[in-house]
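Here is a short report on one protein chain. Look at the sequence and the structure first, then read on.

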Amino acid sequence: PIIKGISAGQKRRLSIALEMIAQSPVLMLDEPTSGLDAVAAFQVVKLLKGLCDKGHTVFLSIHQPSTQTFNLFDYVGLLARGKQIYLGPNGQTAINHFASHGHKCPETANPADFYIELVNTDFGAVTEGELNKLAEAYANSEIAKNMMAETIATVDVVAFASTIRGANVFMQFFALLQRMLHMSYKNPYIWGVRIVMYICLALMVGTMYEGVGSRSETEGKSVSDCRAGTVELVASESLLPCLYYVAAFLVFMSVAVLPFFLEIRDVFRRERANGQITCAPYVIADFVANLFGITIIAGCSASLVVGISGMNNMGGFFLNLWLALIVAESFMRFIGAGQPHYILGMAFGAGTFGMFMLCEGYMVRPQDIPDYWIWAYKIAFHTYSFEWFMYNQFKDAMPCGPVILEMYDMANVDPLRDAMILLGFAVLFQFGFFVMLYWLHTGRR
């Protein structure tokens, strides 16, 4: 992140807090105090000790605990070279056990440090033979026999579960939305790079077609004035590639969202496996969090392209591009949730967009598309965006606008219908995204 977040120690404590949210009767932690100072480590272990007093069972490994921290443990286990050197009560019981076998802990020493030195064969502190004797001595000790004979109280998981009050879908939604917006704030390059890229391309498109929109129509003329070689017809035909570029390539660049989703996919898996979130609030929060960035992209692009080129109806242009970008990004999230690697997702998404761009009605007019490819024309969301762009520009552009629309069989386009279709595609792909998350990303192995 560009903006610094929490420290390594804070992350460690946060990860423990996340595990505690589920109120699991058994908690297993691997070195939860690593990266913390002695005071912070003591507070963490003291909190875990409090959970044990409430009936939870906590297993943890710990790295160089202070004496104060180590004395909080009820039981201690020592392993070395695959052998069990000790497993039993902490405190004086453990100290007396090793003292009875010739290894007395100095009164001023930290018992944890003493035990580590006692079982460490790397630096010659103890030989392999002495380690075997300690393992054998423990196996034959009363402590080992008592541990084997001790009855472990059965944990009533149902009783624990009945005390847990999970977050409802609304609480999950607002919490996830807040986190996603905060992530965008901490990582401004996620949207910043894309916004700059779109502004540069929109500026190039606008300046490339500067004033062409204004020259494509003349007030007071009728369709009969549209003849070959006239300024209006030449300008109108020049705008066709521009509209195709906007409908095809500006939307195509949405494939860039895939790697960003895959970066946080593992976080979703872990949190869902822990029972902290569910799929529906996550999908909705992700959708809402991205609307702001999409709106900025569509607004900047529409303002630059329409404003500089002089094309018609900036409001319709913006709404069309906005919906098309929403559909494209929803599609890429659907693809990303179903692919194990971003290379596969990028390849599949780019290939699908390429097919849609070919069949959207510009490179081959709708009436000229072969019957065996017409299905691709109908399922491509680019189709409805492109015909809306065409109708938006040429419906009132006299004298040649109606001629262009007739040429491409788009004289009877209904913008509201196209908007509803694009919205339907967005809902469909978001639902597909939900299904993929629900079935494929449970977090279970």
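## A phenylalanine in a helix

Does phenylalanine 174 count as buried or exposed? Keep in mind that this model is predicted. Phenylalanine 174 has a relative accessibility of 52%. The cut-off for exposed is over 50%, so phenylalanine 174 counts as exposed.

Where is this residue? Phenylalanine 174 lies in helix 9, which spans residues 169–186. Its C-alpha atom is 7.4 Å from that of alanine 285. Along the chain, phenylalanine 174 and alanine 285 are 111 residues apart.

## Two nonpolar cores

In soluble globular proteins, nonpolar side chains tend to be buried together. In this model, the largest nonpolar core has 83 residues. Tyr282, Phe317, Phe381, Met390, Phe394 and Leu437 have the most contacts inside it. A second core is separate and has 25 residues. Val45, Leu78, Ala80 and Cys105 are among them.

Now take leucine 437. Set aside its neighbours within four places in sequence. Leucine 437 then touches Phe261, Phe268, Arg272, Cys279, Tyr282, Val283, Ala337 and Thr442.

## Two helices that cross

Two packed helices are described by the angle between their axes and the distance between the axes. Helix 13 covers residues 258–273, and helix 20 covers residues 415–440. Their axes come within 11 Å and cross at roughly 50°. The crossing is right-handed.

Which residues make the contact? Helix 13 supplies Phe261, Phe268 and Arg272. Helix 20 supplies Phe433, Leu437 and Tyr438. By class, five of the residues in this contact are nonpolar, none is polar and one is charged.

Technical notes
Residues are numbered from 1 along each chain as its sequence is written. This is a predicted model: local features need pLDDT of at least 70, side-chain atom pairs count only at pLDDT 80 or more; totals for chains, interfaces and linings use all residues. Side-chain values use heavy atoms; hydrogens and water are left out. A nonpolar core is a set of buried Ala, Val, Leu, Ile, Met, Phe, Trp, Tyr and Cys residues joined through side-chain atoms within 4.5 Å. Buried means under 20% relative accessible area, exposed over 50%, partly exposed in between (1.4 Å probe, protein chains only). Contact means heavy atoms within 4.5 Å. Helices (H or I, at least four residues) and strands (E, at least two) are DSSP runs, numbered from the N terminus. Axes are lines fitted to C-alpha atoms, for helices over the stretch in contact, and angles run from 0 to 180 degrees between N-to-C directions. A crossing is left-handed if the near helix is turned anticlockwise from the far one by less than a right angle, and right-handed if clockwise. Ala, Val, Leu, Ile, Met, Phe, Trp, Tyr, Cys and Pro count as nonpolar, Asp, Glu, Lys and Arg as charged, and the others, Gly among them, as polar.
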